[in-house]
Amino acid sequence: MMRRRILLFALARLVGWLIVPVYVVSVFIGYWLEHSAGLWNEENPVENVALLVGFGGFAVVGSLLVAKRPTNLIGWIMATISLIVGVFHTGDTYAAYVVVTRGQPDALTVAGAWIGSWYWYLLLALILVYLPLLFPDGRLLSRRWLPVAVLMGVGTLGVVVLGALADTLSVNEAPGYEIDNPIGIEGLAYVEDLPVFGVLGGLLFVGVIGAVASVVVRFRRSRGAEREQMKWFVCAVAPMLVIPIGDYLPGIIGNVAFAGVLIALPTAIGIAVLKYRLYD
């Protein structure tokens with residue numbers, strides 16, 4: 001048992017130190033493909049920088065936590081977020097590069113477009129719900145919060161499955177291009193166009209509100225070092241209250257709120273790790 005535990009910790013440390021290099025290489029390849037295909041968006045440089053810095057923070061802090069405390073889910077969630085952005089987004093960008101420059105999609109193009117049809121919703125669930133719900137020890141505050149996690153899981157799974165089975169795949173980075181989905185259900189529209197998407201979006205709204213409420217309750221109950229950790233985290237998740245109603249506000253407000261969450265969350269967790277020794 002002890003030998004197995006040592007091997008698992010050694011494997012986790014190796015995985016932890018690989019997270020940042022994989023993220024950096026993936027992002028570099030993605031940006032190179034965008035520039036090569038003429039798809040680089042130069043109209044929103046601030047948004048591009050916010051995304052790069054924010055998800056880079058997730059990679060760095062997630063790497064540290066996975067290496068130091070592999071039993072804490074927070075590190076694995078942060079690492080998963082950074083790798084989804086790095087690897088999956090690069091696959092989506094590759095699909096756009098191929099359809100723009102070659103026209104004829106190959107198998108890797110289809111795979112990239114297929115992943116691009118559903119990974120964004122998984123990313124939102126991890127950032128906006130599960131990370132706040134489980135911070136800082138990787139566990140729910142109590143069993144009373146289990147319905148929030150389960151409902152969000154059901155909603156996310158529903159969106160992912162419907163997105164993965166759509167009849168055609170839209171190439172996100174190259175609007176107007178579509179690819180036949182080899183495993184799609186004939187006639188099944190994009191998940192955003194289905195009537196059930198409103199219900200699934202409602203579950204995301206409930207999940208975000210529940211996650212923020214969990215942070216507030218945990219902050220009120222916390223003491224000592226955990227309270228200092230939660231002070232930073234409460235400030236980081238505050239902009240999340242704007243995100244569920246972002247469609248009803250000027251676009252700049254929703255974008256600023258999301259960018260603020262992206263940068264503030266890994267920053268707050270990084271301070272908890274380095275200053276208040278979350279991994280001890």
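Q: Which residues of helix α1 are buried?
A: Start with a general idea: an α-helix has 3.6 residues a turn, so residues three or four places apart point the same way. In this predicted model, the buried residues of α1 include Ala 12, Gly 16, Ile 19, Tyr 23, Ser 26, Val 27 and Gly 30. Leu 33 and Glu 34 are also on that list.

Q: How many residues does α1 have, and where is its kink?
A: Helix α1 covers residues 2-36, 35 residues in total. From first C-alpha to last it reaches 51 Å, close to the 51 Å expected. Look at Leu 18 for a kink of about 30°, shortly before the proline Pro 21. Then, just after α1, Gly 38 takes a positive phi of about 70°.

Q: Which residues make the nonpolar surface patch?
A: The patch, about 650 Å², is made by Leu 11, Leu 14, Val 15, Leu 18, Val 22, Leu 73, Trp 76 and Val 87. Helix α1 gives the largest share, five residues, and α3 supplies at least two. Leu 73, found in α3, is partly exposed at 43% relative accessible area.

Q: What about aromatic pairs: how many does the structure hold?
A: Seven. Take Trp 114 and Trp 118: they sit edge-to-face, 5.5 Å centre to centre, with 75° between the planes. Now compare Phe 135 and Phe 233: the ring centres are 4.0 Å apart and the planes at 10°, so this pair is stacked. Phe 135 lies in the loop between α5 and α6 and Phe 233 in helix α8, so the pair ties together parts 98 residues apart in sequence.

Q: Are Phe 135 and Phe 233 buried or exposed?
A: Both are buried.

Notes
Residues are numbered from 1 along each chain as its sequence is written. This is a predicted model: local features need pLDDT of at least 70, side-chain atom pairs count only at pLDDT 80 or more; totals for chains, interfaces and linings use all residues. Side-chain values use heavy atoms; hydrogens and water are left out. Helices (H or I, at least four residues) and strands (E, at least two) are DSSP runs, numbered from the N terminus. The expected span of a helix is 1.5 Å times one less than its number of residues. The bend at a residue is the angle between axes fitted to the seven residues ending there and the seven starting there. Buried means under 20% relative accessible area, exposed over 50%, partly exposed in between (1.4 Å probe, protein chains only). Patches are made of residues with over 30% relative accessible area and no salt bridge: like charges are joined within 9 Å, nonpolar side chains (Val, Leu, Ile, Met, Phe, Trp, Tyr) within 5 Å. Accessible areas come from the Shrake-Rupley method with a 1.4 Å probe; for residues, only the protein chains shown count as cover. A salt bridge is a side-chain nitrogen of Lys or Arg within 4 Å of a carboxyl oxygen of Asp or Glu. Rings of Phe, Tyr and Trp (its six-membered ring) pair if their centres lie within 6.5 Å; planes under 30 degrees apart count as stacked, over 60 as edge-to-face and the rest as tilted.
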